[in-house]
Amino acid sequence: MYCLYVPNNTNAYKILKKAAKKDSFFKHKIVKSGYGNMITEMCGKPNDPEKKYYWMIYATDEKLAPHGIDDFYPESGSSVIFKYKKLS
């Protein structure tokens with residue numbers, strides 16, 4: 001787990017950008033789509049559409065974030081969890 005403190009009303013995209021500036025582990029690639037920014041690679045691991053593996057954002061360990069990276073604003077004291085998972 002990596003702790004990073006940001007001001008209230010900071011979206012997940014800005015949090016990821018700040019994390020990448022502090023630690024190269026969070027280096028990432030983003031593509032703008034009709035739905036906003038989409039993570040296409042993180043931590044040196046690219047999405048794999050052929051095998052249906054993608055980077056996803058979670059609000060808790062088990063619950064997907066209700067919005068994409070641009071529109072997900074975590075509550076104060078909460079976490080943003082990035083997982084590389086296979087879509088079912």
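Helices (H or I, at least four residues) and strands (E, at least two) are taken here as DSSP runs, numbered from the N terminus. The model is a predicted one, so to speak of local features a pLDDT of at least 70 is needed, side-chain atom pairs count only at pLDDT 80 or more, and totals for chains, interfaces and linings use all residues. Residues are numbered from 1 along each chain as its sequence is written, and side-chain values use heavy atoms, with hydrogens and water left out.

Let's start with the sheet. Three strands make up an open sheet, in the order β1-β2-β3, with antiparallel pairing; two strands count as a pair if DSSP finds at least two bridges between them. At the edges stand β1 (28–33) and β3 (45–46), each with a single partner strand, so one side of each has no neighbour in the sheet. Strands of a sheet pair through backbone hydrogen bonds, either parallel or antiparallel.

Now for β1 and β2, which run antiparallel and are joined by six bridges. The two form a hairpin, with two residues between them.

Next come the pockets. On a 1 Å grid over the protein atoms alone, a pocket is an open set of points where a 1.4 Å probe fits, with protein on both sides within 12 Å along at least five of seven lines; lining residues have an atom within 4 Å of a point. Grid points are joined across faces, edges and corners, and a volume is the space filled by probe spheres set on the points.

The largest pocket holds about 720 Å³ of space. Its lining has 27 residues, and Y2, L4, S78, S79 and V80 lie nearest the centre. Both α1 (12–22) and β5 (81–86) supply at least two lining residues, with α1 giving the most, three. This lining divides into 19 nonpolar, seven polar and one charged (Ala, Val, Leu, Ile, Met, Phe, Trp, Tyr, Cys and Pro count as nonpolar, Asp, Glu, Lys and Arg as charged, and the others, Gly among them, as polar).

The second largest pocket has about 380 Å³ of space. Of its 18 lining residues, M38, W55, M56, I57 and G68 lie nearest the centre.
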